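Have the structure open as you read.

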Amino acid sequence: MPTPLLPDSIDGVAGLPLRADIFCRVVDNFGDIGVCWRLARRLARDLGWSVRLWVDNLASFQRLEARIDVGSPSQSIDDIQIIEWTAQPPKLTPRDVVIEAFACDPPAEFVAAMAASRPLWINLEYLSAESWVQSCHGRGSMRADGLKKFFFFPGFSDGTGGLLREPGLLDERDAFQNDPEQQRAFLTRINVDSDARALWQRGARIVSLFCYPSAPVDALLEALARNDRPTLLLVPEGVAPDLVSGRTPEHPRLTVQRIPFLSSSDYDRLLWCADLNFVRGEDSFVRAMWAGRPMVWQIYPQQQAAHLEKLEAWLALFPAPLSTLALIRAWNAEPGADRDGQTPQLIREALGGCGDAIWKTVSKQFAADQAEWPDLADSLADFCAKNVNNS
Ligand code: TRH
C-alpha cells in the first residue's frame, strides 16, 4: 500500500496548499521557463504551496531570474526548490501534484515512481484562443500504466484555465502608468540615456520591440521614421541585433535605444511605460495584454502555418479596428515582397487617425474584461483540490 501523501482533511477542501513538482523543458527561447517560473511563484508565494521546479536549462532560466546559480543542481529561491533536470535526474518521491509544462515528459524513473504514489498529473498546455480548447480543458486521459493525465488549458474564456495574473497586478500597473516620476526613474534605471528621456518628456511615443528574426523590422523603422509623432524605440538585448542606439540624419523622428534584457518585473514595467508594444510567443503576449496598451503580437511560428489559425482565433476575440488587425496580420506574414512593401503603410495607418484612439481604448478594456476571470493559478489550485485524491 503506498503511503498517503495528503492528510485526510484535505479531501474536497478547495484551496488548501499542496505540494507540487513542476517540470519545465526549455525547447528554445524563454517562454517555457517564463511561464513555469511565473506559475511556480504564484503557487508558492500567493497560495502557500510547496513547489519543486525541475528545469533542464539553468542558463536560460538565469536570463529571467538573475539569482539562479547555473552551477548548482539544487537551490532554493523564494522558497521554491529548483532542481536541475539532467540526463541523470535525482531520485525524488513525486509530490501531491505533478505539473508537466507543455507535454515535456517527466523522466521515466519519476513516472514509474508516480505509478506507485499516484499523484494528480497535469499537463499544462500552450495558450490558444481556439474554441476547441473549452471542450478539452480539464479532460483526463488514461495511460497504459494506469496513470491518468489531465489536460489543463490556459485561455481567454469561461471553461478554460484562464491566464496567469498576480494579485494586485492591474492596480500596480495603474499606479505606475499614472506616475511620470516612477516611469522616469524606471527608464533611467534600465539605461535609457538622458537625451532619449528628454525626448519622451517632450511627448515622443515609446515603442518596445520583442520579436522573432522573421519580423519586418525595417518596415517598422520606416513607418515610425515617417510618423508625425517622434518615437523612442526601446529594444532589449538580443532582439533585432542589427539595431544600434541613436538617431540617423535620414530618420530624425526615430530614436533607437538598446536596453538590457530585463528581469520579469522590469519587463512588465517596460510594457506599462510604452504606448505600443511589439511582443511574441506566449508569456510576453499575455503580459502586454495586462499592460492594457496597444500591442502587436508575433505568434510563435509552427509548421504548416498552424500558428496562423491560432492568431485568427485571437483576432476574432479582440475587438480592434480593422487597421490594427491588418497590421498584426502583416507582422505575422511570411517574409516576401508583398508583405515588406505594404507593412510600413499598414503601420502608419494603424498609428494614425481615429483607429489609434480606438486601439488604445479596446486594449485597456480587453485587459479589464480578462481580469474578471479567475487567474490560471487559482483555477489550477481549485482543479487540484477537487481532483487530487481521485486520480
Ligand atoms: O521567448 P519566446 O519566443 O518563447 C516562446 C513561446 O513561449 C512559445 O509559445 C514557445 O513554444 C517557445 O518559446 C518555445 O516568447 P515569450 O513566451 O514571450 O517568452 C519570453 C519571456 O521573456 C517572457 O516571460 C518575457 C521575458 N522577457 C523578460 O523577462 N525580459 C526581457 O527583456 C524580454 C525581452 C523578455
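This is a predicted model: local features need pLDDT of at least 70, side-chain atom pairs count only at pLDDT 80 or more; totals for chains, interfaces and linings use all residues.

- Six strands make up an open sheet with mixed pairing, running in the order S11-S12-S10-S9-S13-S14.
- At the edges sit S11 (246-248) and S14 (295-298), each of which pairs on one side only.
- Going from one strand to the next, the twist averages 20°.
- Inside that order, S9 (residues 205-209) pairs with S13 (residues 276-280) in the parallel sense, over three bridges.
- If you want a spot to look at, Leu-209 has Phe-278 in S13 as its bridge partner.

**Helices on the sheet**
- H9 packs on the sheet and touches S9, S10 (231-236), S12 (251-259) and S13. The direction of H9 makes about 135° with that of S13.
- H12 (residues 322-331) also packs on the sheet, touching S9, S13 and S14. Its direction makes about 30° with that of S14.

**Where H6 meets H9**
- The axes of H6 (residues 180-189) and H9 (residues 264-273) come within 11 Å and cross at roughly 125°, so the two helices are oblique to each other.
- The crossing of H6 and H9 is left-handed.
- From H6, the contact involves Gln-183, Phe-186, Leu-187 and Arg-189; from H9, it involves Asp-266, Arg-269, Leu-270 and Cys-273.
- By type, the residues in this H6 and H9 contact are four nonpolar, one polar and three charged.

Notes: Residues are numbered from 1 along each chain as its sequence is written. Side-chain values use heavy atoms; hydrogens and water are left out. Axes are lines fitted to C-alpha atoms, for helices over the stretch in contact, and angles run from 0 to 180 degrees between N-to-C directions. Helices (H or I, at least four residues) and strands (E, at least two) are DSSP runs, numbered from the N terminus. Angles under 35 degrees count as roughly parallel, over 145 as roughly antiparallel, 65 to 115 as roughly perpendicular and the rest as oblique. A crossing is left-handed if the near helix is turned anticlockwise from the far one by less than a right angle, and right-handed if clockwise. Contact means heavy atoms within 4.5 Å. Ala, Val, Leu, Ile, Met, Phe, Trp, Tyr, Cys and Pro count as nonpolar, Asp, Glu, Lys and Arg as charged, and the others, Gly among them, as polar. Two strands pair if DSSP finds at least two bridges between them.
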